[in-house]
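Dear colleague,

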Amino acid sequence: MHFAMPPRKTSRPPPYAARQSRGGIQIPYALRAFLRRDKLRTIIVAVLGFVAILWLFGFIGGRGGSSAAAIIGTGPPVVIVTVFDPRADAAWVEKIKANREDYAKRHGYLTFFRTDSQYPLRNSPASWAKVPAMRHAMTLHPSSTWFWYLDSSSLIMNPSIPITSHVLAPSRLEKLMIVNEPVVPPDSVIKTFANLKGDRIDLVLTQDKEGLQPNSFVVRNGEWAKYFLDAWFDPIYRSYNFQKAELHALEHIVQWHGTILAKLAMIPQDMLNSYVSGPAHPKNGQYKEGDLVATFPGCVKRGSCAEEMKNFLDILEKRAAGSD
Amino acid sequence: MEFRRPANLQGRPPVAAMLPRPVVPLLPSSSASSAVRVTGGPCNTAGSGGLHGNLHVSSETLTVTVASPTTFSANAGQRRRRSSAAKQPPPNLQLHHDSSDSRSRLGTTSGLSARSLGEPLPTIPGTPSPFDNKMGSRSPSPRPGGWSSPGLNTPYDTGGRVSPMPGFANGSSHNVTWESAQARSAEVKGYGRFAPRSQGFLGKHFRRISNSLPFSYAEKEKLGRGRYQGSKPLELLRHIGRSLWRLRRSVGVILAVLLTVILFYVTPLHRVYRRSIGGGSKFVVILAVNQGGGVMEWKGPREWAIERDSVKNKKKYTQKWGYELELVDMSTKKRYAHEWRESWEKVDTIRNAMRKYPHAEWFWWLDTNTFIMEPSYSLQSHIFKHLKDVTYRDINLYNPLNISHPPAEEYLDPETRSPVGDGKVDSINIIVPQDCGGFNLGSFFVRRSVWTDRLLDIWWDPVAYEQKHMQWEHKEQDALEYMYTNQPWIRPHVAFIRQRKVNSFPAGACGEKGDNPEIHYQEKDRDFLVNMAGCEWGRDCWAEMYKFRRLSDRLNRNPWEKFKDWISDSFKGMRADPKKNKKKEEQKKKEKQ
């Protein structure tokens with residue numbers, strides 16, 4: 001009002017205002033201003049961090065959820081499984097159980113005892129019971145890694161040796177593995193695989209003079225174990241009248257199915273299953289002082305285990321008394 | 001060129017006025033001016049007897065002096081004029097007036113041609129012409145002794161109005177001056193003297209024709225005043241065009257996107273995309289061909305036709321979606337013919353395919369007698385994107401074999417004893433449809449996994465084969481059922497799928513009527529695949545294959561084909577209707593009788 005003329009323009013005009021980009025997509029002013037601020041960086045970092053945390057939690061939770069019951073390897077490393085004949089002499093059964101429990105206590109293992117009548121064998125020989133028993137032990141102790149089936153005809157003679165480091169450690173297994181050996185001696189065309197890694201082994205087994213021996217074997221817990229045990233326990237094998245029941249069935253599936261043979265490590269017999277008598281492997285099958293296990297093959301069938309084992313049980317008792 | 005205009009304005013006979021118009025634009029103004037100068041000369045100066053001679057001279061001079069194509073037309077116009085003028089009395093003054101009038105007008109309106117002619121305006125008295133010495137001071141003629149009337153010499157004008165010109169030329173003796181001509185023209189009213197002659201078709205009808213033409217220069221100039229006055233839709237189009245041009249950037253972007261999309265689908269680019277990024281290469285279709293052929297029996301033409309159709313169908317499908325197609329020759333080979341394993345190759349071929357396509361995940365086994373009815377369904381969208389919803393783990397939902405489902409043995413782990421395994425999609429390794437008799441392996445999916453390796457390994461076992469091969473009619477299918485029943489480790493990884501999702505049956509398989517909503521193909525639901533299971537046992541495989549192929553083609557017509565068919569169908573319907581009516585009438589008659 002007071003000025004007749006509009007004020008003069010400054011003689012130093014401001015530099016040209018930044019021209020809006022006419023060419024590309026027009027970003028709304030508010031958004032542009034927002035993008036320009038440092039606030040955005042903070043927000044992005046915060047969101048990303050939040051997502052990362054969620055993802056981490058989800059990852060851990062997801063793994064926990066997949067095996068909600070247990071993670072293999074967190075429990076006791078070994079479970080010793082033994083199946084008894086329900087008609088066997090109770091005192092002898094107790095002695096055997098004590099033998100396993102003593103060993104398990106020394107090394108922090110677990111034991112799992114059942115009688116063969118507990119499993120639905122449907123007229124097949126009682127010796128088949130070891131297969132469902134192993135599966136049963138895995139069900140009850142899902143967090144353990146190794147499941148060692150030790151027949152009631154065997155004794156642990158050297159309880160100071162931990163089976164994990166003595167046999168089952170991968171490097172040890174790689175050393176012990178007998179490769180390129182016919183699965184069924186003397187001249188089966190199917191031979192054990194030559195280059196298996198110790199940590200990929202799921203089944204540890206010995207061979208006596210006549211063939212594979214499921215008297216004493218170790219299975220690693222996992223999906224493969226389910227497959228192996230279920231396939232072995234297939235009713236078609238049980239009803240097939242294999243001459244030696246589950247033993248021949250085992251030899252059969254090992255020879256015909258590569259996915260089983262590829263997981264199998266055959267180790268020297270005296271590492272897991274030394275024979276006191278009977279058809280021991282000519283090289284290394286005979287029991288000698290210091291072996292982990294002494295086996296009296298066929299004693300259960302003969303019903304004479306208690307007598308045959310007497311000397312060995314005495315030695316164990318003396319040693320136990322001496323050490324105490 | 002503008003000379004003709006005043007004539008028009010003055011209300012000359014329309015024919016005469018309009019006729020020269022189309023010719024005018026051809027003539028450059030310079031040539032017009034030269035023509036004027038040349039011909040004008042003899043007209044005035046010689047003033048000699050006849051119109052004939054006079055005109056003759058002018059035409060000759062014209063042809064001599066101006067050697068441009070336009071002069072010939074001028075020449076022609078003058079000749080025409082001469083012939084007509086011979087019969088007419090000279091109307092010189094009237095015409096004179098006309099031409100002067102036209103000049104004055106020209107001077108005001110455009111001024112161009114008058115100046116270009118190089119003539120001083122004759123209407124101004126007392127202006128000496130630079131060229132005129134012999135003649136009266138009034139004479140504007142550029143040449144000595146010649147007085148030029150532009151009306152006379154402009155060929156177009158004269159060509160147009162034929163009659164007045166000769167009249168003028170005739171009567172214009174050398175004593176006619178501009179003033180006298182003006183005076184006389186003022187007395188003359190109308191032009192009744194000259195009844196325009198018929199001048200041929202164009203002369204008679206030109207105005208009518210030119211009026212009916214869709215464009216008109218005159219009207220445009222008069223009314224439009226430079227603005228375009230079109231019809232409404234044209235205006236709308238222009239408006240749209242203008243706004244499009246204004247928005248050319250954004251429109252261009254949209255067009256580019258559209259073009260890209262079209263190019264994507266027209267070129268094989270979309271196949272590449274579906275294959276690699278869309279995950280098509282994760283799927284392998286294994287198609288068994290030549291089943292039972294080879295050693296055992298020779299294929300006839302029908303078998304060849306079936307195989308050809310089936311293979312073509314799958315090839316098209318896999319190509320469309322970027323899947324792998326593995327054709328497996330199932331002919332009985334020596335390798336199997338005398339062995340136990342005879343016709344158990346399914347397992348071997350799946351394993352071979354897994355080895356051949358090491359990056360594929362899912363393997364879809366298909367028998368020869370199958371037909372993909374809906375190639376527009378991708379496996380991903382049809383099944384694998386919502387695997388959890390389309391499959392079921394608990395066989396009790398549909399259990400034709402009466403397998404007691406969750407295994408009851410208590411030594412088994414909880415996951416195995418659960419009816420749905422762990423219930424997660426990841427643990428599904430095989431997807432099997434069930435028909436009325438149990439598992440059906442005519443169309444099933446296997447996923448590459450360690451579990452699958454084990455299954456394929458244990459599937460065929462000599463002990464099982466030895467004991468069961470007589471009673472296992474369907475071989476590996478029965479074996480899988482057996483294993484599912486008796487080996488608990490399998491169950492948590494098997495998922496079932498409703499049969500009609502991947503394996504619809506035609507009538508004749510699982511029921512003669514084909515009306516089981518769980519099993520049989522339903523056209524209205526657009527089932528994905530038809531498996532003509534068991535057609536080789538007493539049914540006509542080729543007929544069924546043909547029927548379903550035609551049906552699939554018909555169901556998957558494109559809109560254009562549908563439109564064509566609709567037309568032809570409606571024609572057929574129209575043709576059929578009278579027949580029907582006749583039949584009905586006949587029936588009625590019969591009923592009456």
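Predicted model: local features only at pLDDT ≥ 70, side-chain atom pairs only at ≥ 80, totals over all residues.

Residues are numbered from 1 along each chain as its sequence is written, chains are lettered from A and ligands numbered from 1 in the order in which they are written, and side-chain values use heavy atoms, with hydrogens and water left out.

In chain A, A:Cys299 and A:Cys305 form a disulfide with their sulfur atoms 1.8 Å apart, and the torsion about the S-S bond is about 85 degrees, so this link is right-handed. For burial, the terms are buried for under 20% relative accessible area, exposed for over 50% and partly exposed in between (1.4 Å probe, protein chains only). A:Cys299 counts as buried at 0% relative accessibility, and A:Cys305 is buried at 4%.

Chain B holds a disulfide between B:Cys436 and B:Cys510, with an S to S distance of 1.8 Å, and at -80 degrees about the S-S bond this link is left-handed. The pair links distant parts of the chain, 74 residues apart, with B:Cys436 in the loop between strand 6 (430–435) and strand 7 (438–439) of chain B and B:Cys510 in the loop between helix 26 (499–502) and strand 10 (529–531) of chain B; helices (H or I, at least four residues) and strands (E, at least two) are DSSP runs, numbered from the N terminus. B:Cys436 is partly exposed at 40% relative accessibility, as is B:Cys510 at 23%. B:Cys535 and B:Cys541 also form a disulfide, with their sulfur atoms 1.9 Å apart, and a torsion of about 90 degrees about the S-S bond makes that disulfide right-handed. B:Cys535 is buried with a relative accessible area of 0%, and B:Cys541 counts as buried at 13%.

Turning to the strands of chain A, strand 6 (residues 212–220) is mostly covered, since nine of its nine residues are buried. Two strands pair if DSSP finds at least two bridges between them, and strand 3 (residues 146–150) of chain A is joined to strand 6 of chain A by five bridges in an antiparallel run, with A:Phe217 as the bridge partner of A:Tyr149. Strand 5 (residues 203–207) of chain A pairs with strand 6 of chain A, again in the antiparallel sense, over four bridges. These two strands form a hairpin with four residues between them, and A:Gly211 in the turn has a positive phi of about 155 degrees.

As for chain B, there are 28 helices and ten strands, and buried residues make up 46% of its 593 residues. Nine of the eleven residues of helix 25 (residues 476–486) of chain B are buried, so this helix is largely enclosed by the rest of the structure; among the buried ones are B:Glu476, B:Leu480 and B:Tyr484. The unreviewed UniProt entry annotates residues 247–266 of chain B as "transmembrane region", although such annotations, given in the numbering used here with shortened feature names, may be inferred rather than shown by experiment. Over residues 247–266 of chain B, the chain is 95% helix and 0% strand, with the end C-alpha atoms 28 Å apart.

With best wishes

Technical notes:
Disulfide = S-S within 2.5 Å.
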